[in-house]
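Please look through the sequence and the structure before reading on, and keep both at hand while you follow the report.

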Amino acid sequence: MALFIVYHVGSVGGLSGVMLVNLAAGLFILPFLLFSATAGQIADKFEKSRLIRLLKLMEIVIMVIGALGFWLGNVTLLFAVLFLMGLQSALFGPVKYAILPQHLRNEELVGGNGLVESATFVAILLGTIAGGLLIAIETHGPMASGMACILIAVIGYLASRGIPLTPAAAPDLRIHWNPVTETWRNIRAAQKTRVVWLSMLGISWFWFYGVIFLSQFPNFTKEILGGDERVATMLLAFFSIGLGIGALMCEKLSRGRVEPALVFIGAAGLAFFAFDVGFASRVLHAETQNGIAAYFENPAHWRIAFDLVMMGVCGGLYTVPLYVFIQMYADPERRSRIIAANNILNALLMVLASLTAICLFALGATIPQLFMVVAALTTLVTIAVFFAAPQYVLRCLGWLLTHTIYRVRVKGLENIPETGACILACNHVSYADSVILVGTVRRPIRFIIDHRFYKMPVLHWLFRMGRTIPVTARRDNEALKEQAFALAAQALRDGEVVCIFPEGRLTPNGEIGKFSPGITRMVRETPVPVVPMALHGLWGSFFSRAHKGRAMRKLRGIFSRITVQAGPPIAPQDLKLGNLREKVVALHCSEHRAL
């Protein structure tokens, strides 16, 4: 419809193509605001597979009206169809996402959402290509587009007949028809679980970002890049391909478990590539529209195409973990309603995106300038993501650093419990030990480290963000030592992972030294399992004391192979200091023998 308006209609009632496209985006979103609260209740109350089939039948009827609108060339009728399609989508959204946790285990949700998202964007890609090609057919393009929409709706209904029975989550639910009060009730319910609420806000921002870019593509292509409908279709295809790749990458990078660090990577990438699109196109302007071959004659156009693909990849990395968080942590009996509340927030940000674009254009902004404004705002969102979950972001940075400097392999990390408190007891070889553990262990870790290291400039800020626990010997500062034990005990009571290096200092000779009794006191005061761990391959590296007993004196050990290994956890009642050291030594020696 956007291509039809820009390339076939131009203007209606004094409104330009730019204004019409942004108005269309806002009109499509309006039903999400009006009907999502009711849709969430319906999805919780009734069996979901039957609901989906009814909604797909509704889609067929709407597409028949849409085909009539294309045939007549009636923009007003097409706008009405757009509103009805928004209504159908608002009803479908809560069912689509709430059905997954009823058929998948938690460890399958990342892969399941990745497949759903990537399949969705493959469909968008195919539909974008088909729509662009069909609408470009002389004379019969609009009618061909309308008939294709009917065919796709029929295929969708036939596919829906294969969806398995999915029982209602809350069959006794009484539906409240007032959208305002029900929306507020669901938002308040979502706010009770911090991770759900933050995920909803994060997803909503992505849709603000997406609407800004997607709604400007036709005019951006025509006025800035000098491309015809085929070029606009190609650029949308690049973005969709990137989204599909990013969604599938989540499963690979997460290894079956949700990885919050991907949200930070995705947000940072969205900001960077949005700015680059705006910066690269700021001096471009077109007088004529050319095809795909002419598009690639300009080197700047290659850069923009790459940026769009990477924006899509980063969008996939950003959104999939957030959807999984909502599905995992929302109350099962209210899950559809929480998803509906998420759709309402998404819709609000989409409408805000359309209004933002309209206002900036009214003030004289260009499309590239609009893109750079969105990039600046997304940078602020990236910073907010960091402060909302600093430990996960630090884990991401740790992974990047360790896998850049070393060749890391892990063994036995499945011995670290996925939930609940535990203590990691590891040998201390180098100043990089904490970074390596942060980058390899899947759960956030509270480290106990020497207070002198904790107070170092710059590092002190990172340690505070990582909620590191400073400690000292009793003879140096008894109050600080007791405070460290109290903080560690509270962390364990809260179900966190605490790591201690029982030697208390870096090894001076590569051998595992004597263990201090602090760990036995921790377990005695807060009985939790202790997981013995060993680092191998770091002795002799730049961060170890292999060079005349001093660290960071001679650059060596870069790209060397190191191993992080964990043994079976020791029950708190079975912990003995000597036995713990023997297990850490055995892990270290077993890796040495293997090499």
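## Confidence in the model

This is a predicted model, and across the protein the pLDDT averages 84, with 92% of the residues scoring at least 70. Confidence is lowest in helix α1, which covers residues 2-9 and has a mean of 66, whereas it is highest in strand β2, residues 422-426, at 95.

## R467, in a loop

R467 belongs to the loop that runs between α18 (459-465) and β4 (469-471). The phi of R467 is near 55 degrees, which is a positive value in a residue other than glycine. Most residues other than glycine have a negative phi.

Is R467 partly exposed or buried? R467 counts as partly exposed because its relative accessibility is 35%, a value that falls between the 20% limit for buried and the 50% limit for exposed.

## F70, in helix α3

F70 is part of helix α3, which spans residues 48-72, and F70 counts as buried because its relative accessibility is 11%. Although F70 and S145 are 75 residues apart in sequence, their C-alpha atoms are 7.6 Å apart in space.

## H588, in helix α21

H588 is found in helix α21, made up of residues 577-594, and with a relative accessible area of 18% H588 is buried, since buried means under 20%.

Which residues does H588 touch, not counting residues up to four places away in sequence? H588 touches N427, I512, A534, L535 and H536.

Note on methods: Residues are numbered from 1 along each chain as its sequence is written. This is a predicted model: local features need pLDDT of at least 70, side-chain atom pairs count only at pLDDT 80 or more; totals for chains, interfaces and linings use all residues. Side-chain values use heavy atoms; hydrogens and water are left out. Helices (H or I, at least four residues) and strands (E, at least two) are DSSP runs, numbered from the N terminus. Buried means under 20% relative accessible area, exposed over 50%, partly exposed in between (1.4 Å probe, protein chains only). Contact means heavy atoms within 4.5 Å. pLDDT is the predictor's confidence in each residue, from 0 to 100.
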